Structures are given as structure tokens and as C-alpha cells.
Amino acid sequence: MAAAETSGKSLDQLPAALLCTIITKLDVASISSVAATCSTFRACAAQILSFLTSFHLLDIALSTEIIRPLLPPNPYLRSLKVDCGKLDDSAIELMLRPTLHELCLHNCADFSGKLLSEIGGKCKDLRSLYLGSVAEKRGRSIHISDLEELLNGCPQLEALILMFDISLFLRHNFARVWALASEKLTSLEIGYISSVMVTELLSPNVEPHQSPNQIRPSILPGIQKLCLSVDYITDAMVGTISQGLVSLTHLDLRDAPLIEPRITFDLTNSGLQQINQHGKLKHLSLIRSQEFLITYFRRVNDLGILLMADKCASMESICLGGFCRVTDTGFKTILHSCSNLYKLRVSHGTQLTDLVFHDISATSLSLTHVCLRWCNLLTNHAIKSLASNTGIKVLDLRDCKNLGDEALRAISSLPQLKILLLDGSDISDVGVSYLRLTVITSLVKLSLRGCKRLTDKCISALFDGTSKLQLQELDLSNLPHLSDNGILTLATCRVPISELRVRQCPLIGDTSVIALASMLVDDDRWYGSSIRLLDLYNCGGITQLAFRWLKKPYFPRLRWLGVTGSVNRDILDALARSRPFLNVACRGEELGVDQWDNSDGMYMHDYDEVDELEQWLMEGEDESDNDEEMANAEINAEPME
């Protein structure tokens with residue numbers, strides 16, 4: 001009798017304060033998931049949202065109508081992080097709160113400069129600000145006065161990240177406006193700015209209407225971290241930064257020239273010699289991107305590296321990209337001069353050979369992050385030497401085409417390896433099997449893209465007989481011999497993958513999608529629940545049948561889907577309407593971004609069992625209507641052009 005009475009009790013009889021206390025330990029997505037389970041939890045969630053200190057929801061872009069009930073008046077809100085892809089200026093009043101200390105707004109393309117000025121007017125206690133893609137949509141604009149109000153209105157600001165083009169601001173007012181920035185500002189990142197504007201901003205020039213003895217005080221004197229993407233990295237800019245920012249510990253510069261730079265707009269040995277004049281620099285990154293033009297730092301050679309190394313003995317992280325005239329002598333100087341170095345990144349090192357790492361075991365280095373991308377002269381011998389650093393956690397060897405199975409044998413001795421990128425290497429199924437011995441249990445991200453010798457057997461070689469895997473990201477793209485049988489093996493092994501890329505695999509078809517949709521990672525999880533990103537672009541066997549398995553309830557956590565443009569448009573449109581939080585890409589664009597810079601934290605995210613978040617946000621939607629719409633689309637759709 002007592003047991004019957006106990007079983008009849010409901011959650012309504014638990015103290016509301018106790019429920020709220022427990023639920024407050026969850027993040028916003030989890031709170032939303034709990035709210036979808038019953039009316040009691042829903043009421044608790046509504047109450048909790050009015051006193052949360054943090055609201056973080058970056059993996060879903062919500063409309064104003066949907067996000068409004070999630071952001072009620074809350075005098076305790078300190079941190080807000082939102083994807084603004086479906087928001088505009090009308091949401092400014094809803095998001096900006098005077099209590100905020102941290103504000104992170106991604107994908108603000110439909111906002112105008114009003115967003116900046118309103119932040120300056122409403123968020124006086126802001127410490128950290130991230131703004132992405134502001135006013136990138138046609139018809140939107142930002143004025144220098146908007147930036148002025150932002151900088152003048154946030155006197156407590158310590159970290160500022162502006163991920164958009166600020167070179168459009170008028171240059172003659174630019175330095176004056178930045179002089180208003182918080183004296184507490186220690187970290188500044190800018191998405192794009194011209195090198196001339198940087199030089200003028202930080203140069204201690206004489207102000208107009210002043211005598212020659214009156215020098216303008218240093219702007220941004222407290223900056224310790226500076227990350228800029230510019231048109232050209234030049235001697236003048238590097239020298240001005242190094243001289244003017246006396247507290248600088250982290251310098252990250254990247255350029256992407258549209259034309260081959262002239263000597264006055266380029267980096268030379270002289271510019272490298274000016275780096276770290278105050279001796280505090282710990283991290284240095286100088287990258288020349290080949291996004292628009294195949295170009296290099298042609299005016300820097302070993303002498304420039306030798307001159308720089310004299311002042312960089314305490315450096316902990318060095319990233320160099322596009323230094324085509326630097327040979328083994330220059331790179332070895334870095335390894336032997338910087339005894340505290342733990343992160344080494346070299347890309348497009350056209351003269352880097354195995355000799356650089358020949359005697360690395362004789363040094364005191366304890367490398368944990370190594371990237372040697374597009375270093376085509378490296379062979380297996382370099383990796384064998386490099387593996388003496390057994391503490392390596394991130395190893396990026398993409399496009400090192402001469403690496404083979406013996407390199408994998410050496411890599412198998414790295415017990416702490418978390419990220420391994422081997423795109424385009426000459427490895428076989430046998431070589432991949434070496435990873436199963438120790439490395440596969442620690443890996444979180446593995447990329448085998450373009451390793452054309454691999455077949456279906458590489459999947460069983462990796463995963464057969466393994467357990468307790470941590471792997472979350474797997475890239476098997478551009479493998480001409482990978483078929484549905486390989487994906488069936490992957491599904492059978494129940495690997496808890498959250499991101500799977502198999503683009504450009506001609507033998508992948510509907511069977512793979514069905515297998516992934518039916519895969520159970522754990523006994524108590526929903527079908528296909530672990531996959532958040534699935535890239536099937538240009539897979540040869542994908543037909544309309546596969547789209548039936550992309551509907552609910554399959555793949556409940558899917559957020560990104562890549563498909564080829566040859567599938568019919570009506571089915572894509574119907575899928576988008578039935579799953580409004582799914583981002584579908586059909587033009588071949590890559591899903592996701594390079595994880596090098598935040599790889600330390602990329603594998604710490606914990607996912608819920610089912611996607612009740614979407615269920616709660618869209619509660620009341622008629623699923624039968626969506627299913628009927630998808631069915632009609634399959635019948636009536638015409639192939640896309």
C-alpha cells in the first residue's frame with residue numbers, strides 16, 4: 001500500500017525551491033530540455049530564466065519572437081552569448097542590459113551601427129565584448145560616431161573583439177576615437193583593418209594645432225594581446241606596434257594580399273628585428289594567407305629569423321606562415337633559442353626539411369602543439385624525431401604528401417594526442433591500424449581527408465575492438481575507395497561522433513545515411529543522436545530516399561547538413577521548414593572552421609541525450625503537417641539545376 005502511494009507521487013509535490021536549485025546548475029540549452037518534460041519543470045524553467053547569471057545559446061540562431069520569452073527582465077544577468085543570425089536592430093532593447101559584464105553577439109549582419117552606440121549607452125559595466133559580422137548585410141552601415149559612443153560608454157572594458165571590417169571608418173578621426181577607449185583594455189582583436197590605419201593609430205605623432213614639443217600620448221597603453229587581420233604586414237606596422245605597446249605579450253598578425261606587395265608594404269628582415277623590443281612577448285604569430293594570391297614573405301630569410309631569435313628566448317608560442325626563403329638554419333635557431341616553446345606552427349615552409357628535427361631530442365623542449373602544414377619536404381624521419389616529445393596533444397600534418405605508414409607508427413607513441421590531422425598524406429589501411437594501439441582512445445578529432453589509398457578497411461582497423469572512445473570529429477572526405485560498407489562498420493562500432501564529414505566520396509550513398517540515422521551510441525540514446533554536423537556534399541549515391549531518414553525523429557541533434565546541389569530543391573525547402581534550426585548548405589561550402597586556436601577547449605562540451613531544446617522552442621508545431629509536406633515534395637520535386 002505504501003509502495004503504491006509512493007509511486008503515485010508526482011513532481012508537483014517536490015518543493016519548487018529545491019527543483020529550481022537543481023535546475024540552475026544547468027546551462028540554457030539543458031534548462032530548455034528539462035522544461036520540455038513536464039509542466040512542473042516548465043514553470044521552474046520560466047522562473048529560473050529571470051535570475052540566471054549567464055545566458056549562452058550559440059549553436060542556434062533564434063528569431064526575436066522565439067528568444068523574447070527566454071530573455072525576461074533579469075537584474076542578475078552578467079553574461080549573454082547569442083547567435084544573432086535571425087535578429088536585427090529591433091532586438092537591441094531585448095538583449096542589452098545594464099548588468100552585463102560579458103556580451104558575445106555572433107552573426108550580426110542585419111544590425112546597423114546602432115548596435116555599437118546602444119551598447120555604449122546601456123552597458124556601462126561591460127568587461128568583455130565580442131561583435132561578429134556587424135552591418136555586413138546590404139543597406140546596413142556603421143559610422144565613426146557609433147564606435148565613439150561604444151568606446152566612450154564602456155569605461156570598464158578589458159577585452160574587445162570586433163570581427164568585421166573597420167577599415168571603412170574615416171581615417172582622420174580614427175585615432176581620436178580610439179583615444180577614448182578604456183584604460184583597462186588589455187585585449188583587442190579586429191577582423192579587418194588596413195596596415196596604414198594601424199600605424200597611424202599607434203604612432204606617437206604630433207597632433208594638429210600643437211607645438212612640435214607636444215607629442216600625442218600613447219593610445220591603448222595597456223594592451224597585452226593584439227590580434228589583427230590586415231591587408232599587408234609591413235615593417236612600419238610591426239615596428240610601431242612593438243615600440244608603442246610596452247605591455248604586449250601576445251601578437252597575432254595575418255594578411256591576405258590581393259597583389260604582390262612592394263617593399264614599402266612588406267615585411268623584411270628589418271621588421272623582424274624590431275619585434276619584442278620590450279622583452280615581454282610570449283606568443284607571436286605572423287601568417288601570410290594565400291586566400292587571394294599565392295604569395296610569400298619573400299624579403300625575409302634566415303638572417304631575419306636569427307635577428308628576431310636574439311630577443312625571443314622566452315617565447316612560448318611561435319606561428320610562422322609563408323616564409324618561403326627561411327631554411328632549416330632559421331627554423332633550427334627557433335627550436336634551440338626558445339627553451340620554453342610549447343606551440344610551433346609552420347605553414348608553407350617550402351624549405352623546411354627533416355634536418356630541423358634531427359636532434360630535437362637533445363633540446364629541453366616540451367612541445368604540445370605542432371602544425372607543419374604544406375611542408376612538402378618532410379618525410380617519415382621528421383615525425384619519428386618529433387615523436388620524442390611524448391606530450392604532444394595537437395598534431396597538424398595536413399598536405400605533407402610524403403608522410404606514410406612509418407609516420408603513423410611513430411605517432412602511435414603519443415599517449416596524450418587529442419587532435420590529429422593527416423589530410424593528403426600517403427598512408428594506407430595498415431598504417432591507420434597503428435593508431436588503434438594507444439592513440440585512438442585519446443583522440444577527439446581525426447582528419448584523414450584526401451588520403452586516397454584508404455579503403456573501407458581503415459574503419460575496422462581504427463575502431464574494431466575499441467571501447468571508451470572520446471572521438472567527436474571525424475573527416476573521411478575525398479576518399480575514392482570509401483563506400484557504404486565502411487560507414488556501416490562505423491555505425492556498428494557505435495563511435496560517439498558529433499561531426500562527420502564524408503564529402504566528395506563517390507561510393508557513399510543512401511545506405512550510409514540510413515545506417516547513421518539508426519545508430520545508437522548508448523542504449524538510452526535516441527537514434528543518430530550524437531551527430532550535430534553531417535557533410536554529404538557531392539557523395540555519388542545520395543538520392544531522395546536519404547532525405548526520408550533526415551526527418552524527425554532521426555538525427556535529433558543535427559544542426560549542420562551539407563548536400564550536393566543535384567538533389568531537388570523542393571525536398572531541401574521542405575526539410576528546412578520542418579527543421580527550422582537546421583543549417584543546410586548545398587553549394588559546397590565547408591561546414592565549421594579551423595579549430596587550431598581553440599583546440600584546448602573544443603572537446604570539453606557535453607551533449608544532452610535528446611534535443612528537447614528544439615521541442616520546447618517550437619512546441620505546438622504540427623509534426624504530421626511537416627511529414628506530409630516532405631512526402632509531397634518527394635513526389636512533386638524537380639531536380640535542381
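Asp399 is buried, at 18% relative accessible area; buried means under 20%, exposed over 50% and partly exposed in between, with a 1.4 Å probe and protein chains only. The model is predicted, so local features need pLDDT of at least 70 and side-chain atom pairs count only at pLDDT 80 or more, while totals for chains, interfaces and linings use all residues. Residues are numbered from 1 along each chain as its sequence is written, and side-chain values use heavy atoms, with hydrogens and water left out.

**Whole chain**

- The chain holds 24 helices and 20 strands. Both are DSSP runs numbered from the N terminus: helices are H or I with at least four residues, strands are E with at least two.
- Of its 641 residues, 55% count as buried.
- Contact means heavy atoms within 4.5 Å. Among contacts between residues at least 6 apart in sequence, 76% join residues at least 24 apart.
- The accessible surface comes to about 27600 Å², and carbon and sulfur atoms account for 52% of it. Areas come from the Shrake-Rupley method with a 1.4 Å probe; for residues, only the protein chains shown count as cover.

**Backbone exceptions**

- Most residues other than glycine have a negative phi, and most peptide bonds are trans.
- Asp399 has a positive phi, near 65°. Asp399 sits in the loop between β13 (394-396) and α16 (405-411).
- Arg494 also has a positive phi, near 55°. Its loop runs between α19 (484-493) and β17 (499-501). Arg494 counts as partly exposed, at 35% relative accessibility.
- Lys552 and Pro553 are joined by a cis peptide bond, with omega about 10°. Pro553 lies in the loop between α21 (544-548) and β19 (560-562).

**Gln504 and its partners**

- Gln504 is in the loop between β17 and α20 (510-518). It counts as partly exposed, at 31% relative accessibility.
- Leaving aside residues up to four places away in sequence, Gln504 touches Asn478, Leu479, Tyr537, Asn538 and Cys539.
- Gln504 and Asn478 are 26 residues apart in sequence, yet their C-alpha atoms are 4.7 Å apart in space.
- The side chains of Gln504 and Asn538 make a polar contact at 2.8 Å. A polar contact is a pair of N or O atoms within 3.5 Å; within protein, one must be able to donate a hydrogen and the other to accept it, and residues adjacent in sequence count only if both atoms are side-chain atoms.
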